[in-house]
Structure formats: C-alpha cells, structure tokens
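This report looks at charged side chains and how they pair. The sequence and structure are shown below.

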Amino acid sequence: MPENIRLQGDAVVIREFSLDDTDDALKIVGDDRVTRWLSYDSRDREGARAMIEGALSRRTEIRPRNEYYLAVVAPPSDHMIGFCRIGLSGVKAGKLGYAIAASEWGKGYATDAARTMIRFGFGELGLHRISAAIGPENRASIRVVEKLGFTREGVLRDHVFTNGEWRDSVLYSLLTHEWTEA
C-alpha cells in the first residue's frame, strides 16, 4: 500500500492531511452547521489542529495502518473543502465517514468523495463490507449513501453523544459484490 495516498475522483481529489490544512479544517469542524451531523461538537483552531496532528500521527505510527483519514480538495485548488475516512474494523470491514464545508454543500463533493473512498476500500484495501452510521435527520448524507447503493440495516440507539445529547444513528452498509459504480 502506498504511504502517501492520493485518490482521484470525478470532482475531488482525496489526499493526506498537512498541517497547512488547519485553517481550512477549522472552517469545517468549527462550523455548527457541519458538526451537528458529526460525532463530536464544534472545535476551535487548536482542536482543528489537534485533529490533523492526530491523523498524521496515526498514519505514521500505527502499522499496519488501521484508518485512512484524508483531506478532500476540489481542483484546481489544493485547499481542503472537507475530509473523509475509512476506519478499518473487524474482518475486511471498514467504517466510512465524510464531511464537507457548508459553503460547498450541494455541489456533489460528498458523493464523489464517498464514491472515491468506496472504490479505494473495495479495490486497494480488499474490503468486503463498508458501513456508514448517519444521524436520522441528516437527509443529505442519507441520500449520498443510498445513491451509492448502500442498504439500510437499522438504527443504533443513542449511538453518539454530541451537542449535549444522545443521538441515534441509522446504519447503512455496502458489500463488495453489491458495489457498482454509477
């Protein structure tokens, strides 16, 4: 597996984080419109930098690598507009997550980033199953995974504690033999 991941989508490029991404990350993880859908509360600049430092540290220190936490950019710019992640868990299984800056919503970037990560997960990583846990009110993210062929499995009750309360997640999954690119 290459050390420096760079994945080409139709509209986005997914690449490794850099500490230079801190200000762009803050526009995402510091925005309540975005973090209301994530598994953590909004962060300040120090928290955004710590997120990137943690991803960089895990990338180099954990072998074999058990997560691919990567920046999403929209060429020709190399500024981060979002991030996505596949965390490896179980036997040939991964958990997919993604977030796009609110200023970039509605442009197809989340769908392209998720599709690109799924292609990487099934192709390069040899995964059998990819799951995504999504807040039940996050209609946009549910549309993304349904468009990509995921199947709804059920509800994980009180799955995450964020913004001062417990929130359910709807669990979706996609198996390698179900994967067809649109």
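Glu153 is partly exposed, with a relative accessibility of 42%. The model is a predicted one. The partner of Glu153 is Arg129, and the two side chains form a salt bridge with an N to O distance of 2.8 Å. This pair connects distant parts of the chain, 24 residues apart: Arg129 lies in strand E6 (residues 129–134) and Glu153 in strand E7 (residues 151–162). Arg129 is also partly exposed, at a relative accessible area of 25%, which falls between the 20% limit for buried and the 50% limit for exposed.

Asp10, Asp112 and Arg115 belong to one network, joined by salt bridges that share partners.

## A buried glutamate

Is Glu67 buried or exposed? Glu67 counts as buried because its relative accessibility is 6%, and the cut-off for buried is under 20%. The side chain of Glu67 makes a salt bridge with that of Arg58, at 2.4 Å from N to O. Arg58 is partly exposed, with 30% relative accessible area.

## A further pair and the total

Lys107 and Glu104 form a salt bridge through their side chains, with 2.9 Å between N and O. Lys107 has a relative accessible area of 48% and is therefore partly exposed, since exposed requires over 50%.

How many salt bridges does the rule give? The count is 15, where a pair qualifies if a side-chain nitrogen of Lys or Arg is within 4 Å of a carboxyl oxygen of Asp or Glu.

Technical notes: Residues numbered from 1 in each chain as written. Predicted model: local features only at pLDDT ≥ 70, side-chain atom pairs only at ≥ 80, totals over all residues. Heavy atoms only, no water. Buried < 20%, exposed > 50% of the residue type's maximum accessible area, 1.4 Å probe, protein only. Helix = DSSP H or I, 4+ residues; strand = E, 2+ residues; numbered from the N terminus.
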